[in-house]
Amino acid sequence: MPERHDDATVTAWALAAGAGDTVALAEFVRATQVDVHRFLVHLAGRDDAEDLAQETFLRALRSLPSFAGRSTARTWLLSVARRVAVDAVRTAVRRPRVRDLGEDTQEVLERAVPRTGAQEAVLLRTLVDALPDDRREAFVLTQVLDLGYAEAAQVCGCPVGTIRSRVARAREDLLRALGEDGTAGAPAPGVRRAARP
C-alpha cells in the first residue's frame, strides 16, 4: 500500500499540478488514488469503482487549474468522486440495460434494426463496452470525454503514439462491428462478445 501523505503536502501538489507541474500531478494522483478507489467501492460497489475512479480523476484534472485550496485537496477530490458516483447512478437509472437480457450481444443488436436515436446510443455503448480494455479507454478518453491525445496519454500513463494507435484500432473495430451499411455485423477480431450471465 502506498505511503499516506499529509493533507498539506497533497494540497501543495494539487496546487502545483493546477499550475502545470506534471511531476506534482503524478504525485497528487499517486497519493490520492487509493483513497478515491476505496471511497467509490463503498459508494458504488467493487465492479464500478475502477471506472468511476478514472472518471473522478478526469474531472479533477480538468478542474485542477481552478482549485484554490479553500479545502484540502483530498477533501475536494473525494467530493468530486461523490458527484461522479451520483451521476453514474442517475445515468444507470435512465439507461436501458442491454447486458441483463441474458442473450448474446450480437442477437440483441440484430433485432435492433431499424433503430431509433436511443437504440443507436445503446448499440454504440454496447460496441464500445465490447472493445478490449486498452482500446476502449483510449477511445472514451479522446472521443467521448474529448481529451486531447496528450492528455489521454497522461491519464493512461503511456506515450501519445500508443493512444493514437489504440484509438485508430478502436475505430476500425467499431466500423467492422457495425458493418458497412451501419447495421450490426459480426464482431471485429478485437471486439469480444458480451458474456452471458
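The legends below describe an overall view and close-up views of a predicted model.

**Figure 1. Overall fold of the predicted model, with nine helices and zero strands.** Read along the sequence, the elements follow the pattern α-α-α-α-α-α-α-α-α. The protein has 197 residues, and 35% of them count as buried. Among contacts with a separation of 6 or more, 61% are between residues 24 or more positions apart.

**Figure 2. Packing of helix 1 against helix 2.** Two packed helices are described by the angle between their axes and by the distance between those axes. Helix 1 covers residues 7-18, and helix 2 covers residues 22-44. The axes of helix 1 and helix 2 are 8 Å apart and meet at an angle of about 140°. Helix 1 and helix 2 are oblique to each other, because an angle counts as roughly antiparallel over 145 degrees and as roughly perpendicular from 65 to 115. The crossing of helix 1 and helix 2 is left-handed.

**Figure 3. Residues in the contact of helix 1 with helix 2.** Helix 1 contributes Val10, Trp13, Ala14, Ala16 and Ala17. From helix 2 come Ala24, Leu25, Glu27, Phe28, Ala31 and Thr32. Sorted by class, the contact has nine nonpolar residues, one polar residue and one charged residue.

**Figure 4. The aromatic pair of Phe67 and Trp76.** The count for the model comes to one aromatic pair. Phe67 and Trp76 form this pair, with 4.9 Å from centre to centre and 40° between the planes. A pair of aromatic rings is described by these two quantities, the distance of the centres and the angle of the planes. The pair of Phe67 and Trp76 is tilted, because planes count as stacked under 30 degrees apart and as edge-to-face over 60. Phe67 has 9% relative accessibility and so counts as buried. Trp76, at 15% relative accessibility, counts as buried too.

Note on methods: Residues numbered from 1 in each chain as written. Predicted model: local features only at pLDDT ≥ 70, side-chain atom pairs only at ≥ 80, totals over all residues. Heavy atoms only, no water. Helix = DSSP H or I, 4+ residues; strand = E, 2+ residues; numbered from the N terminus. Axes fitted to C-alpha atoms, helices over the stretch in contact; angles between N-to-C directions. Parallel < 35°, antiparallel > 145°, perpendicular 65-115°, else oblique. Left-handed = near helix turned anticlockwise from the far one by under 90°. Contact = heavy atoms within 4.5 Å. Nonpolar A, V, L, I, M, F, W, Y, C, P; charged D, E, K, R; others polar. Phe/Tyr/Trp six-rings, centres within 6.5 Å; stacked < 30°, edge-to-face > 60°. Buried < 20%, exposed > 50% of the residue type's maximum accessible area, 1.4 Å probe, protein only.
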